[in-house]
Amino acid sequence: MRFLIQILTNALAILLAAYLIDGISFKGDWTILIIAGLILGLINFFVKPVLKLISAPIILLSLGTFTIVINMILLALVDWLVPELTISGFWSLLWGVILISLVNFFVSGLSKK
């Protein structure tokens, strides 16, 4: 159940980022949006821990801010895997990561109660 909530939250966050941030566009229907949320969830579940483990010294030296770079790489991977999602430019990617992280943080806080 928790993973399903995560998928839906990722899909909502991607849609919100496409709506609010210039340089991010999504040209698909809701099924593609759910698939994009699933891909983002799977990448965050399988790939992100490995990247964080490999880059642990850099994360420690940067006081955790390098995790933003890791999240940007993972969102760029989702952009590459989902043709309907287009992210153009560094700043769009950065703001997209920040917005998606905030949405996930907010929903995870609500779902724990």
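Reader: How many helices and strands make up the secondary structure of the protein?

Author: Happy to start there, and please keep in mind that this is a predicted model. Along the sequence the pattern reads α-β-α-α-α-β-α. The secondary structure therefore comes to five helices and two strands.

Reader: Which element gives the most to the largest nonpolar core?

Author: That core has 28 residues, and Ile14, Ile24, Val78 and Leu85 have the most contacts inside it. At least two residues each come from helix 1 (2-20), strand 1 (24-26), helix 2 (30-54), helix 4 (66-81), strand 2 (85-87) and helix 5 (90-111). With six residues, the element that gives the most is helix 5.

Reader: Which residues is Ile14 in contact with, leaving aside its neighbours within four places in sequence?

Author: Ile14 is among the residues with the most contacts inside the core. Beyond its sequence neighbours within four places, its partners are Leu33, Ala36, Gly37, Leu40, Leu85 and Ile100.

Reader: How far apart are the mean positions of the positive and negative charges?

Author: Let's turn to charge. The protein has 6 positive and 4 negative charges. Taking the mean position of each group, the distance between them is 21 Å.

Definitions and conventions
Residues are numbered from 1 along each chain as its sequence is written. This is a predicted model: local features need pLDDT of at least 70, side-chain atom pairs count only at pLDDT 80 or more; totals for chains, interfaces and linings use all residues. Side-chain values use heavy atoms; hydrogens and water are left out. Helices (H or I, at least four residues) and strands (E, at least two) are DSSP runs, numbered from the N terminus. Lys and Arg count as positive and Asp and Glu as negative; His and the chain ends are not counted. The place of a charge is taken as NZ of Lys, CZ of Arg, CG of Asp or CD of Glu. A nonpolar core is a set of buried Ala, Val, Leu, Ile, Met, Phe, Trp, Tyr and Cys residues joined through side-chain atoms within 4.5 Å. Buried means under 20% relative accessible area, exposed over 50%, partly exposed in between (1.4 Å probe, protein chains only). Contact means heavy atoms within 4.5 Å.
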